[in-house]
Amino acid sequence: MRFLLQHNPIAGSFSHSRLHKLSYLFMDSSTLRTAAASTRLFTINSSPCFSSSPRRLITTSLAFKRINNNNYKNDDDNNNNHHPLTLRTKDLSSVSYRNHPTPTSETEEKMLDSRSWEILKIKLKQLGLDIGRCAPGVENRMLCPKCNGGDSEELSLSLFLDEDGFSAVWMCFRAKCGWKGSTSALVDNNRSQSSLKKFSKMKTIREITEDSLELEPLGNELRAYFAERLISAETLRRNRVMQKRHGHEVVIAFPYWRNGKLVNCKYRDFNKKFWQEKDTEKVFYGLDDIEGESDIIIVEGEMDKLSMEEAGFLNCVSVPDGAPSSVSKKNVPSEEQDTKYQYLWNCKMYLKQASRIILATDGDPPGQALAEELARRVGRERCWRVRWPKKNDVDHFKDANEVLMYLGPGALKEVVENAELYPIMGLFNFRDYFDEIDAYYHRTSGDEFGISTGWRALNELYNVLPGELTIVTGVPNSGKSEWIDALICNINEHAGWKFVLCSMENKVREHARKLLEKHIKKPFFEANYGGSAERMTVEEFEQGKAWLSNTFSLIRCENDSLPSIKWVLDLAKAAVLRHGVRGLVIDPYNELDHQRPVSQTETEYVSQMLTMVKRFAQHHACHVWFVAHPRQLHNWVGEPPNLYDISGSAHFINKCDNGIVIHRNRDPEAGPIDRVQVCVRKVRNKVVGTIGEAFLSYNRVTGEYMDIV
């Protein structure tokens with residue numbers, strides 16, 4: 001049965017209830033041809049659940065089929081025969097725009113019959129977008145499959161299909177979602193990009209009034225609701241807070257004004273569900289209150305803006321779309337692409353004049369993410385942030401209205417007046433570190449004076465501090481690597497530290513032998529070097545293997561290539577995070593890959609490399625021992641070398657925190673040949689040591705270093 005929709009001169013337009021009863025109306029190509037001559041105009045009143053355009057004219061020359069329930073269930077099977085025109089009221093709506101031509105029947109038939117249209121439908125359906133009832137060439141509103149419209153289930157996703165049906169673009173306008181994308185039935189996606197530009201240009205702003213939105217003055221019930229939250233009638237009157245009938249309930253209406261003109265309206269019910277008028281201008285709530293202000297307060301919700309007014313701050317605005325779940329890892333997009341924060345760009349002239357912007361967003365993670373996103377856009381250098389006071393020993397108050405309700409307007413005013421500078425990456429104040437400084441003063445961490453080496457002779461000269469770099473040098477065969485191995489064994493025994501070893505000159509099995517001999521204090525083999533000493537037992541060996549496994553991580557380059565310093569530090573970082581290591585040994589420097597740009601000198605390269613090593617040590621509180629060989633010494637007479645003798649650059653001594661020279665006596669006439677001289681040539685931190693020399697005795701059987709009695 002066919003019927004013709006005509007304009008009712010008495011009613012003036014179709015009511016929303018009649019549109020609901022009409023459900024879905026479809027037109028087929030034969031109907032298009034039959035009714036081409038009789039064109040009528042009718043208007044549809046806009047509402048949030050129908051479309052994003054106010055009272056748009058729709059030109060039709062169509063007779064419509066009434067759709068029964070059976071036809072409704074099988075709409076997907078009839079998509080090739082019908083084209084949607086009316087608005088879906090629950091999860092999809094199609095919006096026609098002024099001056100946009102209605103597709104002809106020939107165009108429609110050609111599109112619907114095309115293979116490209118079918119491919120596009122399949123692609124979109126895989127993404128959760130069913131376009132069975134969507135119209136090409138116009139904006140279609142539907143539930144976003146990613147966020148389902150939030151708590152209010154708003155039709156937040158806008159989908160635009162190109163007129164020829166080859167491509168589609170979509171975008172969810174909820175701040176907490178923002179899902180967007182494009183696709184095409186063709187391999188080339190240029191059509192999708194073209195459609196996106198059309199979509200942006202076709203976006204129009206509705207003009208609204210209090211009468212068109214059917215807003216009413218606040219009733220007693222809502223006045224009492226605000227009174228419980230300490231919002232006065234005068235504040236409500238000045239901000240023109242109203243109410244609206246929504247189904248069987250009354251909801252709060254927060255009108256948004258710009259220059260005294262109503263540009264948007266946001267609603268809130270008693271279950272704290274929010275929604276707002278569609279296709280309206282996105283601006284701050286309370287925008288007119290910050291015109292000409294040098295100080296501006298930004299809060300997260302309309303209730304917080306009203307609360308600030310109770311504390312005496314009129315220069316306050318609220319964001320319209322709430323807070324994101326987290327801070328975006330991407331760079332701030334351009335003004336045209338920054339859809340989530342379009343209200344900032346729409347109000348940029350108000351913000352431009354402000355010298356101080358106080359961010360008083362909620363104290364929860366989304367609220368802090370919002371503060372960061374706002375600061376990224378308006379400039380951290382002029383931002384301040386509010387620290388909400390403690391509610392108890394664990395929790396803080398969440399927002400301005402909570403502080404107002406529990407502590408009063410005076411406390412809220414004090415909190416805002418005590419706002420602190422917003423942190424800027426790399427720019428700090430000592431008060432940002434007071435907790436760390438306090439712990440240092442009271443020695444609560446236990447390593448403020450460093451970790452003992454385990455040798456009495458070195459207690460006054462050298463102690464190991466987390467986060468420092470020690471350069472160790474010495475002539476070949478002086479025992480540099482053996483001394484470091486003995487040192488880390490001592491530290492593990494006394495402090496329980498774990499270590500990651502990048503020792504390229506040692507075979508793994510030989511390095512394991514040296515460490516086990518120092519740990520078990522017995523020779524690994526029955527061999528000449530062991531003399532009459534008892535070899536470690538199988539049980540001791542097995543215990544030692546478990547100790548090796550639990551104490552050390554190894555960085556090894558299994559092929560014949562040389563590792564770079566960055567490669568080593570990246571693996572060391574993984575060991576710190578995965579195994580909790582506290583020390584890194586890089587032995588030696590000349591076994592690393594030192595490729596550098598032609599324009600860079602070796603001195604510049606060494607400086608850059610050591611800076612990387614020091615940053616790693618400081619950031620991960622990990623002590624680094626870096627072994628570096630001295631250059632070839634001419635006319636050497638057996639004296640210990642100097643740190644400036646290290647091959648490569650003077651930066652080895654300039655940049656290190658500690659510089660140590662290990663030297664072994666080779667002349668029997670000068671003293672015992674098992675005597676090792678530890679020369680502490682540099683100590684940056686006077687708390688943990690000083691320049692000086694100590695002597696240790698080397699046990700060739702076990703590789704131990706011992707104090708000389």
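Modeller: A salt bridge here is a side-chain nitrogen of Lys or Arg within 4 Å of a carboxyl oxygen of Asp or Glu. By this rule the count comes to 35. The model is predicted, so local features need pLDDT of at least 70 and side-chain atom pairs pLDDT 80 or more, while totals for chains, interfaces and linings use all residues. Numbering runs from 1 along each chain as its sequence is written, and side-chain values use heavy atoms, without hydrogens or water.

The protein chain has 21 helices and 30 strands. These are DSSP runs numbered from the N terminus (helices H or I, at least four residues; strands E, at least two). Of the 709 residues, 49% count as buried. Buried means under 20% relative accessible area, exposed over 50%, partly exposed in between (1.4 Å probe, protein chains only).

Now the bridges. Glu277 pairs with Arg206, with the closest N and O atoms 2.9 Å apart. Glu277 sits in the loop between β16 (274-276) and β17 (295-299), and Arg206 in the loop between α6 (190-202) and β12 (215-217), so this bridge ties together parts 71 residues apart in sequence. Glu277 counts as buried at 4% relative accessibility. Arg206 counts as buried too, at 6%.

The next bridge joins Asp338 and Arg377, and its closest N and O atoms are 2.7 Å apart. Here the pair links distant parts of the chain. Asp338 is in the loop between β18 (316-318) and α10 (342-346), Arg377 is in helix α12, and 39 residues separate them. Both Asp338 and Arg377 are buried.

Lys614 is buried, with a relative accessible area of 17%. Asp657 counts as buried at 7%. Bridges that share partners also build a network: Arg238, Asp289, Lys305 and Glu309 are joined into one.

What packs around such charges? Take the cores. A nonpolar core is a set of buried Ala, Val, Leu, Ile, Met, Phe, Trp, Tyr and Cys residues joined through side-chain atoms within 4.5 Å. The largest has 58 residues, and those with the most contacts inside it are Phe226, Phe284, Met308 and Trp388. Helix α12 (residues 365-378) gives the most to this core, with five residues. Phe226 shows the packing residue by residue. Beyond its neighbours within four places in sequence, Phe226 is in contact with Leu218, Ile231, Leu236, Val241, Ile252, Phe254, Met303 and Leu306. Apart from this core lies another, of 39 residues, with Trp483, Leu487, Leu548 and Val683 among them.

Rings of Phe, Tyr and Trp (its six-membered ring) pair if their centres lie within 6.5 Å; planes under 30 degrees apart count as stacked, over 60 as edge-to-face and the rest as tilted. The structure holds 22 such pairs. Phe284 and Tyr343 form an edge-to-face pair, 5.4 Å centre to centre with 70° between the planes. This pair links distant parts of the chain: Phe284 in the loop between β16 and β17, Tyr343 in helix α10, 59 residues apart. Phe284 and Tyr343 are both buried. The rings of Tyr589 and Phe626 have centres 6.1 Å apart and planes at 55°, so that pair is tilted. Tyr589 is in the loop between β25 (583-587) and α20, Phe626 in strand β26 (residues 623-627), 37 residues away. Tyr589 is buried at 7% relative accessible area, and Phe626 is buried at 0%. One aromatic cluster takes in Tyr225, Phe226, Phe254, Tyr256, Phe270 and Tyr285.

Asn490 has its place in helix α16 (residues 480-495). Asn490 is buried, with a relative accessible area of 16%. Not counting residues up to four places away in sequence, Asn490 touches Thr453, Gly454 and Trp455.

Technical notes:
Contact = heavy atoms within 4.5 Å.
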